[in-house]
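Dear colleague,

Please find the structure below for your records. My notes on what was found in it follow directly after.

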Amino acid sequence: MRRIALVYMLTGFLIFLGMIQLGLWMRLSQAGILSPPPVLFYAILTLHGTAQLSAFLLSGMGGLAYALSPKVRLNSSLLWLVYGIYMVGVILVLISTLVGKVGVGWTMLPPLPFAGVMTWSMAMATAFMVGVFSVALAFLLYCVNALYAIVKADGGVSKALAWRYLFSGGRSGAESLPRMVDLAGMMVAIDGIIATVVGAVLLIALFATMAGILPNLDWLVVKNGLYLFGHMVANLIIYLAAGLLYTALPAYTNREWKTAWYSILGWNLAIVLVLLAYGHHVYQDFVQPLLLQMTGFIDSYLVGLPALLVTILGGLALIYRSRLRWAVSSILMVLGLGGWVFGGVGAVIDATIPLNQLFHNTLLWVPAHFHTYLLFGAVAFNLVFLYRLITEFSNSKGLQVSRAAAGLYGIGGAGFFLTFFVAGAYGVARRFAVYPPEWQVFAQGGIPSILLVDLAVLGLAVDIFTRLRAARQTISPAPAWRAG
Ligand code: HEM
């Protein structure tokens, strides 16, 4: 499992590093410093968004498989198959965007893939969608693998979700409670299966339409389904990362992260709430039933509560007076908790219908909030876990300079996403390849911060890769910090 975890997490890390360069390139273009043809900009935008999300999906899957072990053992042959299918997807996405110039955005909402055939070929549009399909299929297999393994280890679905303890108000069932990481794994697996099945069915229907086998589809239904799929997968990246935090944070605070009644309630509620929150993406479709819009609205307010009460406040309680030392991992973990709150508040603001009329899709508010909780939440927790794996496996200390790199990551990251928020408040639209001169200043202002993030991640990369050989040779016995 250690080898698998390392391969998954390092692949994710390398994709992340590469995609930061494309993010920088896009910001340089929007700043007016570079002037690529818009067709290329949209292909790069599509690649950046799709690959970054996929990178942390893979990294989180690898990390969680390791965090769950040894109590919960996922099938390793299946995990290698998942990796193979995932890589086929990545290669197809790379070819279709870089060679085929497919610029459908990571949301790939139809009819754009078909309508864009003046710019890209149908074959390349299909290759892109097959690529996304492969990543979804890989995630589906992973979720089935994880669900089976957790349910088997915990003795059934109800035990894995601690229903007896939950519904008895904590009076019975305390003797066999699942670990926090098991609860996170169950939630990710259940919602992951639902999201990827919906996504896969829709993609197959789209392929059939492209081949002329099916007549025109109902595009509103397709849009709802694709958002349910895309939003869910993007969200599950954070919940996968929460599973990593449950395992890593206790090692630094020397305190156990116990499974409390309210945590069980939170994770059970999250299974339902995360499923319904996608509704805030489709407010602008006025023909939708009002009930769907209202469900999306109310749910978007509720969905943050389990994360806030269980993971964020739980994490802060664990840190409080624990004499946490400021090392690479602890800096990144605190950034992660802060970024999750900050980005989450941005998401709730964006999900408020009257404000969404102003912000959604027309302003950079959307990339602002998701970059915040991804860069500081999910990415930070993944970096912590990868750093721990390398440290434990190589039995070595990290470079001194890495602490400064973690600090730079915080300063640069905050500067970068703040320029997105400020631009959003000013009215800058998202997904514009060419900015009018009065918008360029926002992109220019963000560039020094992006360079800091880049430098920080490169610094961490040097630290990780110089210790990789030792890690591979001397994989140490199961470390104590993994208990939990
Ligand atoms: C320093 C690191 C990063 C930089 C400089 C960066 C930069 C950018 C830029 C300039 C855009 C285009 C915004 C627009 O005009 O609409 C963008 C979009 C996006 N980014 Fe990033 N980004 C970074 C990290 C990440 C990470 C870590 C993720 C995910 C884990 C991510 C996911 C996305 C997504 C999903 C989009 C939207 C793509 C689309 O509209 O189709 N980015 N990013």
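R325 counts as exposed because it has 8 C-beta neighbours inside 10 Å; exposed stands for 12 or fewer other C-beta atoms within 10 Å of a residue's own, with C-beta atoms placed from the backbone. R325 sits in the loop between helix 12 (304-319) and helix 13 (328-350), where helices are DSSP runs of H or I with at least four residues, numbered from the N terminus. The C-alpha atom of R325 is 7.8 Å from that of Y252, although 73 residues separate the two along the chain.

This is a predicted model, in which local features need pLDDT of at least 70 and side-chain atom pairs count only at pLDDT 80 or more, while totals for chains, interfaces and linings use all residues. Residues are numbered from 1 along each chain as its sequence is written.

Around the ligand there are 25 residues, of which G23, G49, Q52, G105 and R430 come nearest; a residue is near if its C-beta atom, placed from the backbone, lies within 6 Å of the molecule. Helix 2 supplies the largest share of this shell, seven residues. By type, the shell holds 14 nonpolar, eight polar and three charged residues. Here Ala, Val, Leu, Ile, Met, Phe, Trp, Tyr, Cys and Pro are nonpolar, Asp, Glu, Lys and Arg are charged, and the others, Gly among them, are polar.

Helix 2 also packs against helix 3 (residues 76-99), at an angle of about 170° and with the axes 10 Å apart. Axes are lines fitted to C-alpha atoms over the stretch in contact, and angles run from 0 to 180 degrees between N-to-C directions.

With kind regards

Conventions
Helices (H or I, at least four residues) and strands (E, at least two) are DSSP runs, numbered from the N terminus. A residue is buried if 20 or more other C-beta atoms lie within 10 Å of its own, exposed if 12 or fewer, and partly exposed in between; C-beta atoms are placed from the backbone.
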